[in-house]
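Thanks, everyone. Let me put the structure up and walk you through it.

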2 protein chains.
Amino acid sequence: MNSRLAAISPSLIRELNRRKQPGDIDLGLGEPLLPPDTSLLAAALGWLEQNGCRYGPNAGLLEVRETMVRYLGYPGLEHPDQICLTNGAQEAVFLAIKAICDDQTDEMLIIEPTYPLYHKIAQLEAINVRNVSLPAADNFAFAADTILTALQPQTRLIVLCSPCNPTARIASEPMLDQLATGLLALANPPWVLVDESYHEIFYTAQEPPRLAKHYPRTLVAGSLSKSNALTGLRIGWLLAPLPVMPATLKIHQLLLTSASIFGQRIVCEILTRRLLTVHRPYYDEQRRSFTSLLERHGIPHLPPEGTFYVLAKLPTAWAHDSIKAAYHLLEKFGVVAIPGRAFGAAAEGYLRLSFVAPPQLLEEGVARLSRFFAAS
Amino acid sequence: MNSRLAAISPSLIRELNRRKQPGDIDLGLGEPLLPPDTSLLAAALGWLEQNGCRYGPNAGLLEVRETMVRYLGYPGLEHPDQICLTNGAQEAVFLAIKAICDDQTDEMLIIEPTYPLYHKIAQLEAINVRNVSLPAADNFAFAADTILTALQPQTRLIVLCSPCNPTARIASEPMLDQLATGLLALANPPWVLVDESYHEIFYTAQEPPRLAKHYPRTLVAGSLSKSNALTGLRIGWLLAPLPVMPATLKIHQLLLTSASIFGQRIVCEILTRRLLTVHRPYYDEQRRSFTSLLERHGIPHLPPEGTFYVLAKLPTAWAHDSIKAAYHLLEKFGVVAIPGRAFGAAAEGYLRLSFVAPPQLLEEGVARLSRFFAAS
């Protein structure tokens with residue numbers, strides 16, 4: 001058997017979910033509960049009825065990729081060959097890491113706190129990893145200096161998630177500009193992979209800025225999962241500079257040939273009908289009421305700039321063991337929340353709360369949470 | 001960059017297709033041209049309208065896996081946890097190879113002639129491979145002795161494709177029985193992966209026999225791509241003994257989370273309506289007319305037992321360079337056919353012809369082919 005598998009720890013998030021009992025309030029959820037717009041699915045089905053369901057190019061149907069070039073508004077995306085349609089943003093992340101990093105010579109730098117996926121892929125692929133922690137004292141704001149000073153000659157890929165799961169922070173335009181300037185000054189600038197799974201869910205005045213505007217060696221993973229409540233559809237994309245595409249496509253082809261044509265057509269439909277940010281007002285409303293509840297109950301937290309998460313700061317008694325806190329919260333107070341530790345050492349002392357649940361459940365969840373805080 | 005990628009040669013099949021001109025007859029096609037039954041797709045859409053499109057378990061929806069246990073008729077498949085729904089049979093093959101083989105210690109044995117995918121996955125994953133060639137003198141019949149004598153202590157996985165692309169041979173019941181007996185006599189029996197992508201397309205009196213009936217350490221990759229003309233849907237499955245499942249699921253989860261819920265529901269629909277072999281009579285008719293044409297034109301070939309391919313034996317002048325023959329056939333006679341060499345050294349001297357095209361194109365294709373044979 002593949003001897004690297006044993007070292008990859010099972011998902012803390014799934015383990016917590018497994019222990020959930022009826023009546024518990026789930027603030028751990030990492031997916032939309034909104035019903036998707038099924039007219040999009042019907043339109044895609046209509047296309048299949050007309051055109052059948054045959055293999056397309058490995059990268060995806062040309063018409064879909066051309067539509068993405070036209071409507072996605074992604075900086076530097078000028079050619080359909082810069083796109084590979086994938087089985088969700090997850091496959092896009094996997095392709096980028098596996099294509100860019102050589103397991104013998106390269107190192108990947110992961111900006112924490114962050115979604116635990118990147119570390120696990122690196123373990124599976126035997127790729128060296130170093131972590132860079134954004135300090136809690138700065139509310140986990142993305143900082144170019146922190147990243148630039150951590151670079152080593154063997155750093156070939158930097159991975160960051162913005163809007164960030166779990167911190168809900170967004171990398172700012174000046175920060176990305178500064179990062180790009182610092183990287184471009186290097187003799188051999190590394191690649192940067194930005195996981196933009198939450199790009200369409202933001203509460204800032206402007207759409208989240210994009211590194212690709214400043215830095216040509218940027219890859220991005222995106223999907224319809226969060227933006228359009230289509231997690232189960234498993235459709236996403238990798239956008240990358242042309243020189244990277246042959247390597248990523250070769251891996252994509254050997255892994256699974258291509259992404260589902262049905263999913264691809266839904267991408268086309270959503271983009272031409274400009275529906276990518278259609279759920280944003282809903283999440284904005286959810287965010288307002290959830291953070292009001294947290295404030296009313298005096299639960300310290302970081303105001304979210306994007307995503308549907310909030311990091312809440314644990315009481316001092318629990319600050320050194322968020323995993324234990326999360327199990328205690330679940331067992332004694334009936335609330336699922338994700339321990340900060342699941343997102344790296346930097347987020348120890350925090351809980352990730354999601355606000356996708358219906359208002360009455362959010363209210364009851366925060367009430368229970370406040371009893372936990374009061375008892376601590 | 002990942003240094004292993006450079007060594008993986010581009011697909012000969014795709015390269016030939018790229019050179020195809022308008023008016024050429026395509027006997028290289030590796031996918032059904034039949035329109036799929038769109039009532040299946042509509043039923044799956046109806047389910048999504050009712051249930052949304054959320055993440056399910058990594059392995060696939062429990063109801064779908066339970067339906068597979070009930071209706072698939074796969075020997076030894078007794079528990080839904082023996083199933084992982086995948087992005088086509090291709091992902092299933094990838095998972096099986098990556099989970100079973102350790103790149104430091106193990107060896108994979110590939111039975112040739114065969115589909116070139118398994119070799120390329122091994123290259124990508126740095127897994128040692130040895131080839132076993134079934135002799136052309138026996139019309140590439142699967143032979144247990146040939147496989148058993150090739151085993152070494154480090155052989156951890158044997159890969160075979162039956163019904164076989166490209167030979168169109170099916171491993172017989174006595175052969176599989178003999179193989180199982182031989183393997184079970186070993187101190188540390190290897191795993192066997194059977195690619196059953198063409199299982200539902202057979203011309204023998206009985207359904208193709210299955211190794212799992214005889215040998216418990218069998219994994220199988222299957223899909224709806226060929227059976228139901230749904231290649232673009234990218235839905236398939238890996239069936240495996242319970243002890244192998246945690247490793248394959250861990251990889252599946254890191255690669256892409258799960259297969260599309262839409263595709264999964266179509267599996268359910270096809271199985272409950274017992275439509276998995278619905279296209280078999282059509283291919284049987286195509287086979288009869290195509291092999292009649294070959295006989296009428298005196299083109300020597302192997303009678304197919306399954307799949308939608310026929311191996312034709314090249315004239316002596318071309319027997320040592322099927323690649324050159326295929327390019328010559330395309331450029332001078334306007335016919336796409338796949339050189340045997342693409343499927344391993346054992347199939348040198350042959351061309352793989354497919355019979356998915358409409359009857360009038362098959363007729364014209366064979367007429368052109370016969371002129372090529374006459375001119376050689």
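Start with strand β9 of chain A, residues 309–313. β9(A) pairs with β12(A) in the antiparallel sense, over five bridges. This is a predicted model, by the way, so keep that in mind throughout. One pair to find on screen: Val310(A) stands opposite Leu353(A) in β12(A).

Now β11 of chain A, residues 338–339. β11(A) also pairs with β12(A), antiparallel, over two bridges. Look for Pro339(A) there. Its bridge partner in β12(A) is Leu351(A).

Stay on β12(A), residues 350–354. How many of its five residues are buried? Five of the five, and the strand is mostly covered. As a reminder, in a regular strand the side chains alternate between the two faces of the sheet. Here Tyr350(A), Arg352(A) and Ser354(A) point one way from β12(A). Leu351(A) and Leu353(A) point the other way. Both sets are buried.

Over to chain B. There we have an open sheet of three strands, in the order β9-β12-β11, with antiparallel pairing. Which strands are at the edges? They are β9(B), 309–313, and β11(B), 338–339, each pairing on one side only. Two bridges join β11(B) to β12(B), residues 350–354, and the two strands run antiparallel. Take Ile338(B): its bridge partner in β12(B) is Arg352(B). There is a helix here too. Helix α11 of chain B, residues 322–333, lies across β11(B) and β12(B). α11(B) runs at about 50° to β12(B).

Next, the other sheet, back in chain A. This one is open and has seven strands. The order is β2-β8-β7-β6-β5-β3-β4, and the pairing is mixed. At the edges sit β2(A), 83–86, and β4(A), 128–133; each pairs on one side only. Neighbouring strands are turned by 20° against each other on average, direction ignored.

Look at the β4(A) end. Strand β3 of chain A, residues 107–112, pairs with β4(A) in the parallel sense, over six bridges.

One helix in chain B deserves a stop: α5, residues 117–124. Six of its eight residues are buried, so α5(B) is largely enclosed by the rest of the structure. The buried ones are Leu117(B), Tyr118(B), Lys120(B), Ile121(B), Ala122(B) and Leu124(B). Note the lysine in that list. Just after α5(B), Ala126(B) takes a positive phi of about 55°.

Cysteines, quickly. How many disulfides does the structure hold? Zero, over all chains. In chain A, Cys268(A) is in no disulfide; the nearest cysteine sulfur belongs to Cys53(A), 15 Å away. Cys268(A) has 5% relative accessibility, so it counts as buried. In chain B, Cys53(B) is in no disulfide either, and its nearest cysteine sulfur is that of Cys268(B), 15 Å away. Cys53(B) is at 1% relative accessibility, and therefore counts as buried.

Last topic: how the two chains sit together. Chain A can be laid on chain B with an RMSD of 0.0 Å. That takes a turn of 180° and a shift of 0.0 Å along the axis. The two copies are therefore related as by a two-fold rotation axis. The same surface serves both: 100% of the contact residues of chain A recur in chain B.

And the interface itself? The contact takes 64 residues from chain A and 64 residues from chain B. Between them the chains bury about 5,500 Å². Of that area, 56% is on carbon and sulfur atoms. Which three residues of chain A supply more of its buried area than any other three? Met1(A), Tyr55(A) and Leu254(A), with 15% of the area that chain A buries against chain B.

That's it from me. Over to you.

Key:
Residues numbered from 1 in each chain as written. Chains lettered and ligands numbered in written order. Predicted model: local features only at pLDDT ≥ 70, side-chain atom pairs only at ≥ 80, totals over all residues. Heavy atoms only, no water. Pairing = 2+ DSSP bridges. Helix = DSSP H or I, 4+ residues; strand = E, 2+ residues; numbered from the N terminus. Contact = heavy atoms within 4.5 Å. Axes fitted to C-alpha atoms, helices over the stretch in contact; angles between N-to-C directions. Disulfide = S-S within 2.5 Å. Buried < 20%, exposed > 50% of the residue type's maximum accessible area, 1.4 Å probe, protein only. Least-squares fit on C-alpha atoms with pLDDT ≥ 70 in both. Buried area = accessible area lost by both parts, 1.4 Å probe.
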